[in-house]
Amino acid sequence: MLGGVTGSFKAGRRATIKGSWDPGIDLTPQLWIDASDTSSYVVGSGNNLSSLTDKTGNNTLGFTSTPQRAHNAIGFMPAFYANGSESIQTVDGTGNPANATITDGYGNHWAIGLVRFDGVNASKDSFWSFEGTGRTYAYSAGATNNTFPGEIDYDGGNTISNGIAKNEFTVNLSRYTFAIVSIIFNKAGDQIFGRINGTTRTSIDDYDNNLASIAQARLFRNRSNVRIQGYIAEYFHVADVPGTGGTDISDVEKAEGYLAHKWGVTGSLPNSHPYKTSAP
């Protein structure tokens, strides 16, 4: 059952980090949630979320069951928590479309989140996914028994990359540990790949078939009803190229640096990352 539906407000609130780059100013995200921005959500009894606002102003968000705001989840900062039966998703409401536009006319899309898994009991447990008419994808565990090798699920027979059902990560997520995960669908550069903590950790697959242009965004949830136990501190996705064009991913790198410095996880970035020592 869906609950906690709210309207939306204009993005643009600058993050309190040592840097000038801000996703609400320097990008045009299609969906953006941020547990550090306490003005964007309301908490009821037991730290249950009673409403959550999409900071971009594009979507109305609702819940399955009651995800929570967890105090001091990462350092002294909060994060959104789901217990394995809860999720957040875009829904109808207040004049906004029911579905979040996740691609532009050329199929470009990238998503990034600061996430932590606590429990996995199905290979399709996902931190985020999209469901709609056409080709969609999910960022899923790829295993059971509280492990998270990770995969970009290409939607089976309706695959986005010809002849390939999924793109598996080469490095597992560690249980109870926050990580910055980026998923890139770059039509301009004919590439699909995933990154963990500022390093590419999947194959670079051909981008043969466009993602669906309209799809429901689902957080803590697969395209079906499979859900994960874990945290999302901040998440946004963008319907554009990941950089200046071609295979450039400078916008993704800036987003990784922004999250790392804002949430105090710069130690997870490689020394070669352009924003290892200073925020973008």
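The model is predicted, and residues are numbered from 1 along the chain.

Strand β15 covers residues 179–186, and eight of its eight residues are buried, so the strand is largely enclosed by the rest of the structure. In a regular strand, side chains alternate between the two faces of the sheet.

Strand β10 (residues 109–119) pairs with β15 in the antiparallel sense, over seven bridges, and here H109 sits opposite F185. Strand β16 (residues 191–196) also runs antiparallel to β15, this time with six bridges; in that pairing V181 faces I196. β15 and β16 make a hairpin with four residues between them. In its turn, D190 has a positive phi of about 55 degrees.

Now for strand β11, residues 126–131. Five of its six residues are buried, so β11 is largely enclosed by the rest of the structure. β11 is joined to strand β12 (residues 138–140) by three bridges, with the two running antiparallel, and W128 has Y139 as its bridge partner in β12. These two strands form a hairpin as well, with six residues between them. Within that hairpin, G134 takes a positive phi near 110 degrees.

β11 also pairs with strand β18 (residues 214–219), again in the antiparallel sense, over four bridges. In this pairing, E131 stands opposite Q216.

Notes:
This is a predicted model: local features need pLDDT of at least 70, side-chain atom pairs count only at pLDDT 80 or more; totals for chains, interfaces and linings use all residues. Side-chain values use heavy atoms; hydrogens and water are left out. Buried means under 20% relative accessible area, exposed over 50%, partly exposed in between (1.4 Å probe, protein chains only). Two strands pair if DSSP finds at least two bridges between them.
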